[in-house]
Amino acid sequence: MIEVNDIYKSFGDAHVLKGISTVFDKGKTNLVIGQSGSGKTVFLKCLLGLFSPDKGTISHDGRIYSQLSTKEQRNLRQDMGMVFQGSALFDSMTVEGNVMFPLEMFTKQSHSEMQDRADFVLKRVNLIDAHKKYPSEISGGMQKRVAIARAIVMNPTYLFCDEPNSGLDPRTAIIIDNLIQEITKEYDITTVVNTHDMNSVMEIGEKIVFLKNGIKEWEGTKDEIFKTDNEAVTNFVYSSELFKKVKQMYIEERD
Amino acid sequence: MNYLASIGSYAIMIKEVFKKPTKWSIMKSLILKEIDELIFGSLGILIFISFFIGGVVAIQTALNITSELIPKNLVGFATRQSIILEFAPTFCSIIMAGKVGSYITSSIGTMRVTEQIDALDVMGVNALNYLVFPKIIALLLYPFIIAISMYVGIFGGWFAGVFGGFSTSADFVEGVQLDFIPFHVTYAFIKTLVFAFVLATIPSFHGFYMKGGALEVGKAATTSFVWTSVVIIILNYILTQLLLG
């Protein structure tokens with residue numbers, strides 16, 4: 001569980017986060033949504049410890065990040081898996097090398113043990129026969145799967161995903177979304193996903209936090225988001241014609 | 001003020017590079033990879049340039065000897081002094097600032113742009129140690145290629161001098177051996193080691209702390225070349241004053 005308590009973050013005169021408080025539960029796929037520039041990525045980087053909030057605290061299962069020593073912070077980070085927007089795979093390493101990297105860095109396992117573990121997680125994300133390929137030789141969807149495999153190879157307690165399905169076709173995006181949700185349930189981890197994709201919200205959003213201009217404008221579940229009267233949320237959710245039609249159908253069905 | 005802030009950030013970076021070392025089994029392979037890339041990968045261009053610069057120094061010296069009173073062995077002597085004291089350690093380092101420096105800045109800068117450095121940070125890896133330390137260790141072998149550059153440069157001078165008809169082989173070799181001061185080689189290697197550290201760290205600094213996208217990677221590589229060259233030239237002056245002055 002991650003508890004965020006009244007955090008603020010500014011860069012010079014730009015006040016990016018303005019007093020955000022929320023709780024992300026274990027075993028749930030928590031979504032942070034909002035328009036571009038709403039502060040989602042900065043918020044996620046604060047959860048990861050890459051940025052320190054100017055004010056407020058973030059607690060990972062009772063451990064307040066800012067109060068930990070550097071060594072404790074590094075140890076906590078080894079409990080975190082992160083899937084970056086652009087996958088952030090090491091382009092000088094093969095798929096297998098990327099997945100084995102955290103194991104090589106932080107465990108004393110033998111090479112064959114590490115290979116077995118890498119095989120296991122690559123199979124888990126449905127990637128077979130790509131072990132020896134380089135990131136530039138595989139598709140965007142496959143890169144995302146490798147990034148997920150690398151994020152879960154150390155059995156993390158927390159999984160963070162920054163717009164995991166951006167740049168993917170709708171079908172692959174749904175596959176990636178479902179994979180994230182399955183892994184969250186299977187490993188009982190706390191997952192936080194940054195997205196502005198409403199399809200993701202409908203697919204996997206168990207808890208949704210809506211940010212607008214650095215403020216938490218709304219939070220709730222995926223069922224509640226389609227019923228809320230909050231104007232900012234409805235403007236965001238129903239910005240596409242498709243979702244306007246979904247809403248219309250919902251109203252007609254209800255009436 | 002910006003310059004002062006950059007110097008401060010550079011000092012902090014150097015401190016971080018030596019903190020929380022990466023596992024030796026991984027570091028070993030990173031160092032070997034960097035030796036291959038930075039040292040052996042630069043050997044060809046340095047040999048090529050050294051040979052021809054040595055030849056040009058010999059020809060220029062010979063063409064400027066107009067008086068019969070000046071001994072013919074001056075061609076060999078001047079070539080040796082120029083190559084050992086300045087060309088090999090300093091001029092080669094400026095060339096390396098372009099070749100190795102821009103490679104280091106652009107490779108680390110691309111890692112920054114594509115969030116690969118963030119990925120290392122998130123995993124709890126000391127990214128500066130992982131990326132910069134192997135380059136510093138690899139460039140400890142830099143004097144090795146500078147020694148080759150000295151040898152090839154003097155050989156280039158001999159080749160141009162003898163086969164161009166500017167000097168006899170005996171005169172040239174006599175000049176090369178004339179009044180040889182071994183400390184000059186030590187001085188050259190001390191400079192080379194200092195420049196090696198500069199070559200590894202300043203381009204890394206510009207790559208690691210860059211912001212933006214692909215265009216900024218290119219700009220960072222250019223800035224890194226300029227600053228590495230400027231620092232090498234200034235340090236060359238200071239070291240020459242300290243060691244020979």
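Helix α3 of chain B, which spans residues 74–113, bends by about 50° at B:Phe87, and a proline, B:Pro89, follows within four residues. The model described here is predicted, and the angles, counts and contacts below are to be read as computed from it. Of the 40 residues of α3(B), 28 are buried, so this helix is largely enclosed by the rest of the structure.

**Helix α3 and the rest of chain B**

- Just after α3(B), the backbone at B:Glu115 takes a positive phi of about 65°.
- Taken along the principal axes, the box filled by the C-alpha atoms of chain B is roughly 70 × 40 × 35 Å.
- Chain B contains 245 residues, of which 42% count as buried, a residue being buried if 20 or more other C-beta atoms lie within 10 Å of its own.
- Among the contacts in chain B with a separation of 6 or more, 87% are accounted for by residues 24 or more positions apart.

**The sheet of chain A**

- Four strands of chain A form an open sheet in the order β2-β1-β4-β5, and the pairing is antiparallel.
- The edge strands of this sheet are β2 (14–24) and β5 (63–64) of chain A, each of which pairs on one side only.
- Strand β1 (residues 2–11) and strand β4 (residues 55–60) of chain A run antiparallel and are joined by five bridges.
- Within chain A, A:Tyr8 stands opposite A:Lys55, the latter lying in β4(A).
- In general, strands of a sheet pair through backbone hydrogen bonds, either parallel or antiparallel.

**Where chain A meets chain B**

- On the chain A side, 14 residues are in contact with 12 residues of chain B.
- The elements that give two or more residues to the side of chain A that touches chain B are α2 (70–77), β6 (80–83) and α3 (95–106) of chain A.
- Of the elements of chain A, α3(A) gives the most to the side that touches chain B, with three residues.
- By residue type, the side of chain A that touches chain B divides into nine nonpolar, two polar and three charged residues.

Methods
Residues are numbered from 1 along each chain as its sequence is written. Chains are lettered from A and ligands numbered from 1 in the order in which they are written. This is a predicted model: local features need pLDDT of at least 70, side-chain atom pairs count only at pLDDT 80 or more; totals for chains, interfaces and linings use all residues. Two residues are in contact if their C-beta atoms, placed from the backbone, lie within 7 Å. Ala, Val, Leu, Ile, Met, Phe, Trp, Tyr, Cys and Pro count as nonpolar, Asp, Glu, Lys and Arg as charged, and the others, Gly among them, as polar. Two strands pair if DSSP finds at least two bridges between them. The bend at a residue is the angle between axes fitted to the seven residues ending there and the seven starting there. A residue is buried if 20 or more other C-beta atoms lie within 10 Å of its own, exposed if 12 or fewer, and partly exposed in between; C-beta atoms are placed from the backbone.
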